[in-house]
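Work through the two exercises below with the sequence and the model at hand, and compare each step with the worked solution.

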Amino acid sequence: QHAPAPLDFSKVRTLEAQGALPLSERAHKEQKLRHFEGQCSEITPHVFLGSDKVARDLDLLRSRGVTHVLNAASVACANYWEGRSEL
């Protein structure tokens, strides 16, 4: 008996990257997340929603007039501005 050959998915990834195959569900979600990663959206007047990347970007926060950051994902993201006066 022969051991089965390991599966090689590198060609599938290459074809996906070239647009020759539709993106897998995971790849599609990753692509969407990358698109929105740096976006800072005003969801109501003076209330913004953004990613960890946005929360770290002092220039972006200042340009939007942000004075406080509420971290709703503290398990995954640091509290970058806690106890600091830059904002």
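**Exercises on a salt bridge and a pocket**

Glutamate 30 has a relative accessible area of 33% and is partly exposed, where buried means under 20%, exposed over 50% and partly exposed in between (1.4 Å probe, protein chains only). The model is predicted, so that local features need pLDDT of at least 70 and side-chain atom pairs count only at pLDDT 80 or more, while totals for chains, interfaces and linings use all residues. Residues are numbered from 1 along each chain as its sequence is written, and side-chain values use heavy atoms, with hydrogens and water left out.

**Exercise 1.** Determine which side chain meets glutamate 30 in a salt bridge.

*Solution.* Finally, check exposure: arginine 26 is exposed, at 64%.

**Exercise 2.** State which residues line the second largest pocket.

*Solution.* Take a pocket as an open set of points on a 1 Å grid over the protein atoms alone, where a 1.4 Å probe fits, with protein on both sides within 12 Å along at least five of seven lines, and lining residues as those having an atom within 4 Å of a point. The lining then consists of Val12, Arg13, Glu16, Ser24, Arg26, Ala27 and Glu30. Helix H1 (10–17) and helix H2 (25–36) each give two or more of these residues.

Note on methods: Helices (H or I, at least four residues) and strands (E, at least two) are DSSP runs, numbered from the N terminus. A salt bridge is a side-chain nitrogen of Lys or Arg within 4 Å of a carboxyl oxygen of Asp or Glu.
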